Amino acid sequence: LDKDFNSNPDARFHYLYAIQNHPELKQMRMQLLNRVQDAMDKANRYKEKHMDYSYIWTDSRKEYMHYFLTYSRQLTQDEVDAIEEDGDKAVPRKAPSLEQFKEQIDFYESLHEELKDIENIKVLFHWFRADMRPFKQSLLNNIKRWSHAFKKHLTVETRTALAHRQK
């Protein structure tokens, strides 16, 4: 480059202007931006597939367990609202059966088995790679926490019942 280029701000402006308005460079820039946008769109579509499981990290295990233990199922939002307005009369209380515990535990265990096959690296196009390991690890850990919540309750209840029998 010319030494006047480094010392003359107007020269930089003219050089930048020349590059920005060069037809071939403009076309290459637009092609690059379009490819980046396509990769982002594809990544967002891939992300949306996993949003079906968002309840695993957004729902409260404590609240879910409360409703499950009290009503033997997850309540709809309308039922929760009715309980808040009318008290426990709105939805009849019913303790869950062992079969219902088994269904919940089996559900989360099978979900864990299914999702442990998520790819560690997802290649979108040939140049865009998404490292799925942190998401996968977090998702699988959260699934195990859900399963563990049901198992822990059964263990605690069993120990408590046995302790009362021994007295």
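Student: Is lysine 102 buried, exposed or partly exposed?
Tutor: The model is predicted: local features need pLDDT of at least 70, side-chain atom pairs need pLDDT 80 or more, and totals for chains, interfaces and linings use all residues. Residues are numbered from 1 along each chain as its sequence is written, and side-chain values use heavy atoms, without hydrogens or water. Buried means under 20% relative accessible area, exposed over 50%, and partly exposed in between (1.4 Å probe, protein chains only). Lysine 102 has 45% relative accessibility, so its class is partly exposed.

Student: Which residue forms a salt bridge with lysine 102?
Tutor: A salt bridge needs a side-chain nitrogen of Lys or Arg within 4 Å of a carboxyl oxygen of Asp or Glu. Here the closest N and O atoms are 2.6 Å apart. The partner of lysine 102 is aspartate 106.

Student: In which helix do aspartate 106 and lysine 102 both lie?
Tutor: Helices are DSSP runs (H or I, at least four residues), numbered from the N terminus; strands are E runs of at least two. An α-helix has 3.6 residues a turn, so residues three or four places apart point the same way. Aspartate 106 and lysine 102 are 4 residues apart, about one turn of their helix. That helix is H7.

Student: What is the relative accessible area of aspartate 106?
Tutor: Aspartate 106 counts as partly exposed. Its relative accessible area is 37%.

Student: Which residue meets glutamate 109 in a salt bridge?
Tutor: The N to O distance is 2.8 Å. This pair links distant parts of the chain, helix H8 (residues 133-166) and helix H7, across 35 residues. The partner of glutamate 109 is lysine 144.

Student: How many salt bridges does a search of the whole structure find?
Tutor: One of them joins lysine 47 to glutamate 48, with the closest N and O atoms 3.6 Å apart. Lysine 47 is partly exposed at 41%, and glutamate 48 is partly exposed at 45%. The search of the whole structure finds 8.

Student: Is histidine 112 buried or exposed?
Tutor: Histidine 112 sits in helix H7. Beyond its neighbours within four places in sequence, histidine 112 is in contact (heavy atoms within 4.5 Å) with Leu140, Ile143 and Lys144. Its relative accessible area is 14%, so histidine 112 is buried.

Student: How far is the C-alpha atom of histidine 153 from that of phenylalanine 101?
Tutor: Histidine 153 belongs to helix H8. Leaving aside neighbours within four places in sequence, its contacts are Met65, Leu69 and Phe101. Histidine 153 and phenylalanine 101 are 52 residues apart along the chain, yet their C-alpha atoms are separated by 9.6 Å.

Student: Why do the buried residues of H6 line one face of the helix?
Tutor: In H6 (residues 77-86), the buried residues are Glu79, Val80 and Ile83. Seen down the helix axis, these residues fall within one arc, taken from the directions from the axis to the C-beta atoms. They line one face because that arc is 100 degrees.

Student: Which residue just after H6 takes a positive phi?
Tutor: The phi angle there is about 80 degrees. The residue is glycine 87.

Student: How far apart are the C-alpha atoms of glutamate 85 and serine 97?
Tutor: Glutamate 85 is in helix H6. Along the chain, glutamate 85 and serine 97 are 12 residues apart. Their C-alpha atoms are separated by 28 Å.

Student: Which element of the chain has the lowest mean pLDDT?
Tutor: pLDDT is the predictor's confidence in each residue, from 0 to 100. The chain averages 89, and 92% of the residues score at least 70. Helix H7 (residues 98-115) has the highest mean, 97. The lowest mean, 55, belongs to helix H1 (residues 3-7).
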